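Keep the structure open beside you and follow along.

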Amino acid sequence: MEILVNLDVMMAKITAMLRRTYDMGNQLPMLEHRGLMLGLMDSTITYDGQKIELTKNEFRILQTLMERKGEIVSLDALMMRLWQMDDYVEENTLTVNVTRLRRKLDGIGLQNFIVTRKGMGYLLVEE
């Protein structure tokens, strides 16, 4: 029991030291593409001074595409990322989620941010 308490104290001290050294206190991890910022801790997108919350599925879709920008992400890869199972999930369910995400992106001025490659999947284009 004593060891656990000491480890907790040590971890708190290390965390505090890292925060002071690297000034991580106010920074949230983010992904960026074409000026769009995806907040990894709060599931939001920020673009041109506008901030919008995403649903869990919208967030996972956009995160996956941003992590692999410039690559076609297959429908199967996205479905596994969203539902993390081998069970059949109707492809239309994924399409509905991508459509909702596209509407949000269009609403903040990012038209054609996500491109469909028929029969292959989706990708983010560079410009």
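Arg 34 is partly exposed, at 23% relative accessibility; here buried means under 20% relative accessible area, exposed over 50% and partly exposed in between, with a 1.4 Å probe and protein chains only. Arg 34 is not a glycine, yet has a positive phi of about 50°. You will find Arg 34 in the loop between strand S1 (30-33) and S2. Helices (H or I, at least four residues) and strands (E, at least two) are DSSP runs, numbered from the N terminus.

Asn 112 is another residue other than glycine with a positive phi, near 55°. Asn 112 sits in the loop between H4 and S6 and is exposed, with a relative accessible area of 62%.

## About the model

This is a predicted model, in which local features need pLDDT of at least 70 and side-chain atom pairs count only at pLDDT 80 or more, while totals for chains, interfaces and linings use all residues. Residues are numbered from 1 along each chain as its sequence is written, and side-chain values use heavy atoms, with hydrogens and water left out.

## The overall plan

The protein has 4 helices and 7 strands, arranged along the sequence as α-β-β-β-β-α-β-α-α-β-β. Of its 127 residues, 29% are buried. The exposed surface comes to about 8,500 Å², with 53% supplied by carbon and sulfur atoms; accessible areas come from the Shrake-Rupley method with a 1.4 Å probe, and for residues only the protein chains shown count as cover.

Among contacts (heavy atoms within 4.5 Å) with a separation of 6 or more, 48% join residues 24 or more positions apart.

## The nonpolar core

In soluble globular proteins, nonpolar side chains tend to be buried together. A nonpolar core here is a set of buried Ala, Val, Leu, Ile, Met, Phe, Trp, Tyr and Cys residues joined through side-chain atoms within 4.5 Å. The largest one holds 24 residues, and Leu 36, Leu 62, Leu 94 and Ile 114 touch the most other members. Two or more residues each come from strand S2 (36-39), helix H2 (56-67), helix H3 (75-83), helix H4 (91-107) and strand S7 (121-124). H2 gives the most, with 5 residues.

Of its 12 residues, 9 are buried, including Phe 59, Ile 61 and Leu 62. H2 reaches 16 Å from its first C-alpha to its last, close to the expected 16 Å at 1.5 Å a residue; the expected span is 1.5 Å times one less than the number of residues. Leaving aside residues up to four places away in sequence, Leu 62 touches Leu 36, Leu 38, Ile 45, Leu 54, Leu 101 and Phe 113.

## Sheet and hairpin

Two strands pair if DSSP finds at least two bridges between them. An open sheet of 3 strands runs in the order S5-S7-S6, with antiparallel pairing. Strand S5 (73-74) and strand S6 (114-117) are at the edges with a single partner strand each, so one side of each lacks a neighbour in the sheet. S6 and S7 are joined over 4 bridges, and Thr 116 stands opposite Tyr 122 in S7. H4 lies across S6 and S7, at about 150° to S6; axes are lines fitted to C-alpha atoms, for helices over the stretch in contact, and angles run from 0 to 180 degrees between N-to-C directions.

Strand S3 (residues 44-47) and strand S4 (residues 50-53) also pair in the antiparallel sense, over 4 bridges, with Tyr 47 opposite Gln 50. S3 and S4 form a hairpin with 2 residues between them, and Asp 48 in the turn has a positive phi of about 50°.
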